[in-house]
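User: Could you walk me through this structure? I'd like to start with the charged pairs and then move on to the helices.

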Amino acid sequence: MADRSKTAFDIPNIRWFIAFRVFFNSRFYYPVFTILFLDFGLTVAQFSVLNAVWAATIVLAEVPSGAVADIIGRKRLLNFAAGVMIFEIGIISFMPRIDPVLIFSVFLVNRVLSGLAEAAASGADEALAYDSLNEAGMADQWGRVLEVLMRYQAIGFVIAMTVGAVVYDPNLMGRLADLMGLGVTPTQEVTMRFPLYLTFVLALLAFVSTLKMTEPEQAAAASSERSVKQTLAVTLNAGIWIMKTPFVLWVMLFGMLLDGTIRMVITLSSQYYRMIGIPESLFGIMGSVVALMGVVVPKIARQIAENRSPQTALLITAGLAVAGLAAMNGFWHWVGIVPALVTFAAMNFTGFFVSFYINRETDSRQRATVLSFKGLSYNVSYGLLGVAYALVLKLAKAGVDPAAGLSAETIENQVFVDTFFWFPLFFAVNFLVLAAVYAVRFKARKQP
């Protein structure tokens, strides 16, 4: 029986889980991600190829890594993920800029390893933390853990966004050096590596966090009874279980739609900000504002998850998403920030609710695998939406009259504005279809 005088945060694994998530995800190079690659000498086309490789690696490794976690233990896989992070950040942090082919090759290795690390960490850390709670008889405190986790992640992200952008700027670092009387004038060649160095330190801290974790006894006993040859069977069984468990299946389907649509809009957020008149110098601040919602939203989400039905949680999240996406389509000067924040808040609600419900319903023996299926479904949804929207843009560009004499930039901006309606329309239509099918299936199950 659980000791009611204790809380979830008295469990060391919970504290180290939160530390790992913050160190693993709060990367100082995020605010300068694109220009960092370009300043190393890569082209925009190479940057696109590298990101495609990264996404493909995650898709291919997501579910197998979850099955491996359920077999060899979550702690071991997290050790691997943190170790890979150290290596993938290290090779680009200290790589000499001597040959374009070498630079691209090193970044290619970096993207593959980064995808492997993401896939390995996805699900395994959450499964280990939830099992630790369950073992202590505190599974009912998972909502509280998610709330605190998202709050610390938001704070970590704000710090990374702010500091990463500052240390990358040679002018700002030069003025700081003058104030400190160092007598040095840093160049872009030097400062461009500072966010990488700081992220390398976080990688070391993430690795220490995984070393401090311990495998829950129940999960360790279950994994010790399996062999590596059972990986395929574990994966197949988890997939079958999801298909035969309507509640979990529907949580994933609605999560796919919400996450994929909103994440695609977040990817395009800098272009949206430009269209509503936000100066580029404020983009980093906007990212920090969005991150700060992670301090407020989880508390609200926990109250809803613990005191209201899953259907209520879904309707609130979907309502925020469709309202925000529809209003963003107005591209109101500066005021357009408000519907963007509403839309991004829906993303926070989605992440909380999906984790809350799936962990509650899933058995410890296959939790990491099931969570990996969730990660896989999200990345497939995001990828397919990206391809679909690229086709929409291509068709829209083909319809532009060349006789109008518009510049390439003007055409890009106009096409973006003209096609943005596709997002609220796509979401609303697919949500109504999913909701209708769910209602029919639910009604059929209720009938004798």
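User: How many salt bridges are there by your rule?

Analyst: The count comes to 12 salt bridges, a salt bridge being a side-chain nitrogen of Lys or Arg within 4 Å of a carboxyl oxygen of Asp or Glu. This is a predicted model, in which local features need pLDDT of at least 70 and side-chain atom pairs count only at pLDDT 80 or more, while totals for chains, interfaces and linings use all residues. Residues are numbered from 1 along each chain as its sequence is written, and side-chain values use heavy atoms, with hydrogens and water left out.

User: OK, which residue does E126 pair with?

Analyst: E126 forms a salt bridge with R21, and their closest N and O atoms are 3.2 Å apart. E126 lies in helix α6 (residues 124–135) and R21 in helix α1 (residues 12–25), so the pair ties together parts that are 105 residues apart in sequence. Helices here are DSSP runs of H or I with at least four residues, numbered from the N terminus.

User: Switching to packing, what angle do α13 and α18 make?

Analyst: Helix α13 (residues 246–267) and helix α18 (residues 367–398) pack at about 50°, with their axes 8 Å apart; the axes are lines fitted to C-alpha atoms over the stretch in contact, and angles run from 0 to 180 degrees between N-to-C directions. The two helices are therefore oblique to each other, since angles under 35 degrees count as roughly parallel, over 145 as roughly antiparallel, 65 to 115 as roughly perpendicular and the rest as oblique.

User: And which residues of α13 and α18 make the contact?

Analyst: Taking contact as heavy atoms within 4.5 Å, the residues include M252, G255 and M256 of α13, and V370, F373 and K374 of α18.

User: What about α7 and α17, how do they cross?

Analyst: The axes of helix α7 (residues 142–168) and helix α17 (residues 337–361) come within 10 Å and cross at roughly 150°, which makes α7 roughly antiparallel to α17. Where they meet, W142, G143, L146, E147 and M150 in α7 face N348, F352, S355, F356 and N359 in α17.

User: Last one, where is I91 and what does I91 touch?

Analyst: I91 is found in helix α4 (residues 74–93) and, leaving aside neighbours within four places in sequence, is in contact with V106, V109 and N110.
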